[in-house]
Amino acid sequence: MISTPLCHLADIADGQAKGITWGSGSAREEVLVARRGDRAFAYHNRCPHVGTTLDWTPDQFMSADGRHLQCATHGALFRVEDGLCIHGPCAGRSLTPVRVRVEDGAVHLDE
């Protein structure tokens with residue numbers, strides 16, 4: 001299996017998320033990786049409502065209570081585990097998932 005390491009799990013505080021960019025030119029991708037214990041969940045960093053990135057400030061993806069990913073543009077809330085929007089203008093829609101796995105402490109992009 002081909003995989004690309006995105007970061008180390010230890011780079012993300014438990015209950016937080018980190019923005020990661022890889023590639024260049026037209027192949028450039030922006031994702032966010034959220035951590036819950038020893039698990040990582042990744043999504044394209046684009047709100048399904050209008051396509052803006054979720055963070056206005058680098059790596060600020062979580063709601064004030066730390067329970068959900070939050071879009072800084074309109075406050076939409078998304079479940080970390082599946083990216084489903086549970087509140088806001090895109091309720092019922094989901095973030096686009098990115099397949100990742102944690103191996104030897106690193107978060108790998110599965111390609």
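I began with Leu32, whose bridge partner in β4 is Tyr43. The model I am reading is predicted.

I then followed the pairing. Strand β3 runs antiparallel to β4 (residues 39-44), with 6 bridges between them. I traced the sheet next. It is open, has 4 strands in the order β2-β3-β4-β8, and pairs them antiparallel. I noted the edges: β2 (17-22) and β8 (97-98) have a single partner strand each, so one side of each lacks a neighbour in the sheet.

I moved to Arg35, which is in strand β3. Is Arg35 buried or exposed? Arg35 is buried, yet I found no salt bridge for it. The nearest side chain of opposite charge is Asp14, at 4.4 Å; the salt-bridge cut-off is 4 Å. I did find a polar side-chain atom of Arg35 at 2.9 Å from the backbone oxygen of Ile12. Beyond its neighbours within four places in sequence, Arg35 contacts Leu9, Ala10, Ile12, Ala13, Asp14, Gly15 and Gln16.

Arg36 is partly exposed, because its relative accessible area is 22% and buried means under 20%. Which backbone oxygen does the side chain of Arg36 reach? I found that of Gly66, at 3.4 Å. I checked the separation from Asp14 too: 22 residues in sequence, 5.6 Å in space, C-alpha to C-alpha. Setting aside neighbours within four places in sequence, I listed contacts of Arg36 that include Asp14, Gly15, Phe41, Met62 and Glu81.

How values were computed: Residues numbered from 1 in each chain as written. Predicted model: local features only at pLDDT ≥ 70, side-chain atom pairs only at ≥ 80, totals over all residues. Heavy atoms only, no water. Buried < 20%, exposed > 50% of the residue type's maximum accessible area, 1.4 Å probe, protein only. Contact = heavy atoms within 4.5 Å. Polar contact = N/O pair within 3.5 Å; in protein donor to acceptor, adjacent residues only side chain to side chain. Pairing = 2+ DSSP bridges. Helix = DSSP H or I, 4+ residues; strand = E, 2+ residues; numbered from the N terminus. Lys, Arg positive; Asp, Glu negative; His and termini not counted.
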